[in-house]
Amino acid sequence: SFTYDTGLAQAPGDDDLLVSGVPMGSNTGSITTPLGDAIGLWDKPKNDSFAFRLGDKNDDSGHRGFEGVSGWGWLNHGDPNAHVKSSDWIFTLSPTPVPAPATAVLAGLGGLLLASRRRD
């Protein structure tokens, strides 16, 4: 669980959302291990730049060539006095909606009913 609620604004000259201009640790969250231990997370601006961006970049070509919306940024976790270099995160949003499980089941049942009616 992580919430960006401080410093979130529209990127200058673009429709992306950006978290910038805030001190490290302005936005926080946590991750829970399989053993139930909570590990604190907080944002870390990269080189005095932004801490998180959501969108498809200024040229609408996507982050790292992904055609769609991505989210990427930097986090710190664990010891608040130490930075773990592999604390980047990135995710992409599919341009094709994924049906909810109940919708898929209903669509499958509808297909079975149509198939059984055609055999008669």
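## Nonpolar cores

Eight residues make up the largest nonpolar core: Phe 2, Tyr 4, Val 19, Val 22, Leu 41, Ala 51, Phe 52 and Leu 75. A nonpolar core is a set of buried Ala, Val, Leu, Ile, Met, Phe, Trp, Tyr and Cys residues joined through side-chain atoms within 4.5 Å. Buried means under 20% relative accessible area, exposed means over 50%, and partly exposed lies in between (1.4 Å probe, protein chains only). Apart from this core lies another, of five residues, among them Ala 11, Phe 50, Trp 72 and Trp 74. In soluble globular proteins, nonpolar side chains tend to be buried together.

The model is predicted: local features need pLDDT of at least 70, side-chain atom pairs count only at pLDDT 80 or more, and totals for chains, interfaces and linings use all residues. Residues are numbered from 1 along each chain as its sequence is written, and side-chain values use heavy atoms, with hydrogens and water left out.

Leu 41, one of the residues of the largest core, touches Ser 1, Phe 2, Asn 27, Thr 28, Gly 29, Ser 30, Ile 31, Asn 76 and His 77, not counting residues up to four places away in sequence. Contact here means heavy atoms within 4.5 Å.

## Aromatic pairs

Five aromatic pairs are found in a search of the whole structure. In the pair of Phe 2 and Tyr 4, the ring centres are 4.7 Å apart and the planes stand at 55 degrees, so the pair is tilted. Rings of Phe, Tyr and Trp (its six-membered ring) pair if their centres lie within 6.5 Å; planes under 30 degrees apart count as stacked, over 60 as edge-to-face and the rest as tilted. Both Phe 2 and Tyr 4 are buried, and together with Phe 52 and Phe 91 they form one aromatic cluster.

## Strands and their pairing

The protein has one helix and seven strands, in the order β-β-β-β-β-β-β-α from the N terminus. Helices (H or I, at least four residues) and strands (E, at least two) are DSSP runs, numbered from the N terminus.

Strand β5 (residues 52-55) pairs with strand β2 (residues 17-19) in the antiparallel sense over three bridges; two strands pair if DSSP finds at least two bridges between them. Leu 54 in β5 is the bridge partner of Leu 17. β5 also pairs with strand β6 (residues 69-77), in the antiparallel sense over four bridges, and here Gly 55 stands opposite Ser 70.

## Two loop residues

Asp 14 belongs to the loop between β1 (8-10) and β2. Its relative accessibility is 9%, so Asp 14 counts as buried. Beyond four places in sequence, Asp 14 touches Arg 53, Lys 57, Asn 58 and Asp 60.

Val 84 lies in the loop between β6 and β7 (88-93). With a relative accessible area of 31%, Val 84 is partly exposed. Its contacts, not counting residues up to four places away in sequence, are Asn 76 and His 77.

## Overall figures and confidence

Of the 120 residues of the protein, 24% count as buried. Among contacts with a separation of 6 or more, 42% join residues 24 or more positions apart.

The average pLDDT (the predictor's confidence in each residue, from 0 to 100) is 77, and 74% of the residues score at least 70. Over residues 109-120, pLDDT stays under 50, and the model has zero contacts beyond four places in sequence for them.
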